[in-house]
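Student: I would like to learn how to read the helices and strands of a model, one feature at a time. Could we go through it together?

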Amino acid sequence: MATTFRQPNILLFVTDDHGQWACGPYGNQEVVTPNLDRLAASGVVMENAFTPTPVCSPARASLMTGLTPSQHGVHDYIAMAFDRKPWLAGERTLPQLLQEAGYRTGLAGKWHAGNEDLPANGFSSWFSVGSAYPLLHEGTRDFCNQGRMETFSGTTDDIIASEAVRFVTANDERPFFLLVGLTATHGPWSGHPERLTELYRDAALGDIPVAELYPFGDQALESLSVDRGREREAQVQYYAAVSHVDEIVGQLLQAVEETGKLNNTLVVYTSDHGLNCGHHGIWGKGNGTRPLNMVEESIRVPLILSWPGVLPAGVRREELVDHLDLFQTLTEAGEAQLPPGADYAGSSMRPLLLEPEEGGSWRDTQFGEYGTVRMARTRRFKLVHRHPSGPHELFDVETDPRECHNLFDSTSHQAVSSELLRSMEWHFRRYSRPDKNGTVGAALPQHNMTEAWRV
């Protein structure tokens, strides 16, 4: 195995709402994901990968900037009516840094970290579908706002895939960075191709617990929009969406291979956050309940990295990692120069990927936030702290993996809660900015009409 780690092509898949649990390489034996399975077999699977925030826009903003939401200031999903605000203004993003390092940079699909209509800084090619595109699309649009009018017809993700193939097969010797932002597996959980839904009509769907309830809050947003009388059909549609994503991954890998560039391409597959499809009785992610939740299905994401001849094949790492670490990994691989004086919470995963004996000094606590809600999670315990006055939760995820028993008020666990709270306070004291700190709640710029901290 080579140990060089410099300027590969970077093909980054960031899907929407793909929970780690619904992925073949993570143990789901019913979902059909042959291309993700092959990607995992050829590379490294991060078994404990998390999102910084269990909702779209802040998770994507963190991946693109390497900053926590309390540093970049995006704390909830950005609705179309609010996307013209100067989100991420002044921040140095991954495409900017890679472009400065000599990369040809492109987006195909969903951006959802601000204005979708104009190319974000750092992108030389921009094909954005917006955050509210339908499953099926037909019409004419201006490609990249550069006067190239084209007519599209088909599923939105197939259209995205066509543009992605166009980008990776372009005759250009510069290394490329392509962000493929597929709209699946986000709802609506209906209307997916019958050839895919029929794969699951008779499936047991055994990775979705039955008859669970969420005792720590009320259902909200997507949890209220799903017809519980048709819940199984929605689950079948979700699985079909995962298989559709898998097909597109295979299509892109084949396109890169046909150019002869696959051996010099770092392929990364991840999602912005996870999703509950009836888990805990919830449909949706962190905002599927009030108060906002940090259940495992909301915060765990797939993270698979493959680079033939450089990364080892068939390796699984157990360290706690997130999108902030992925940002550091990609900037290092691209030989990008980080802004001087910037304070990043993440670390490059290079030693975990290239040096099997490394990892002993890796952090032992994973942090997350969603507006006024914060989380600190070790291998065994998870503290969910809601500013300023709760309700708070402590779960022993080792003995209580379904997060049914809140131990926060248990006298025998006060020391654990206190230690995690101290760790959480230290982390966010360092990695936050006063005017963008999630704990200021309603004083933050408004992202949408359903923010939990405004109701």
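Tutor: Let us begin with a helix against a sheet: helix α12 (residues 414–430) lies across β15, β16, β17 (381–386) and β18, running at about 65° to β17. Axes here are lines fitted to C-alpha atoms, for helices over the stretch in contact, and angles run from 0 to 180 degrees between N-to-C directions; contact means heavy atoms within 4.5 Å. Helices (H or I, at least four residues) and strands (E, at least two) are DSSP runs, numbered from the N terminus. This is a predicted model, in which local features need pLDDT of at least 70 and side-chain atom pairs count only at pLDDT 80 or more, while totals for chains, interfaces and linings use all residues. Residues are numbered from 1 along each chain as its sequence is written, and side-chain values use heavy atoms, with hydrogens and water left out.

Student: In what order do the four strands of the open sheet lie, and which are the edge strands?

Tutor: Strands of a sheet pair through backbone hydrogen bonds, either parallel or antiparallel. Here the order is β15-β16-β17-β18, with antiparallel pairing, and two strands are said to pair if DSSP finds at least two bridges between them. The edge strands, each pairing on one side only, are β15 (366–370) and β18 (393–396), and the twist averages 15° from one strand to the next. Five bridges join β15 to the antiparallel strand β16 (residues 373–377), where M375 stands opposite G368.

Student: How should I describe the packing of α1 and α8, and which residues make the contact?

Tutor: Two packed helices are described by the angle between their axes and the distance between the axes. For helix α1 (residues 34–41) and helix α8 (residues 231–258), the axes come within 7 Å and cross at roughly 55°. The two helices are therefore oblique to each other, given that angles under 35 degrees count as roughly parallel, over 145 as roughly antiparallel, 65 to 115 as roughly perpendicular and the rest as oblique. P34, N35, L36 and L39 of α1 meet D246, E247, V249, G250 and L253 of α8.

Student: What is the span of α8, and is α8 mostly covered or exposed?

Tutor: Over its 28 residues α8 reaches 41 Å from its first C-alpha to its last, close to the 40 Å expected at 1.5 Å a residue, where the expected span is 1.5 Å times one less than the number of residues. It is mostly covered, with 21 of its 28 residues buried; buried means under 20% relative accessible area, exposed over 50%, and partly exposed in between (1.4 Å probe, protein chains only). G260, whose phi is positive, near 80°, follows α8.

Student: Which way do the side chains of β9 point?

Tutor: In a regular strand the side chains alternate between the two faces of the sheet. In strand β9 (residues 265–271), T265, V267, Y269 and S271 point one way and L266, V268 and T270 the other, and all are buried. Strand β1 (residues 9–15) pairs with β9 in the parallel sense over seven bridges, with F13 opposite Y269. Four bridges join β9 to β13 in the antiparallel sense, and there V268 stands opposite L305.

Student: Why is β2 described as largely enclosed?

Tutor: Six of the seven residues of strand β2 (residues 44–50) are buried, so the strand is largely enclosed by the rest of the structure. Two bridges join β2 to the antiparallel strand β13 (residues 303–306), with V45 opposite I304, whereas six bridges join β2 to the parallel strand β14 (residues 315–322), in which R317 is the bridge partner of M46.
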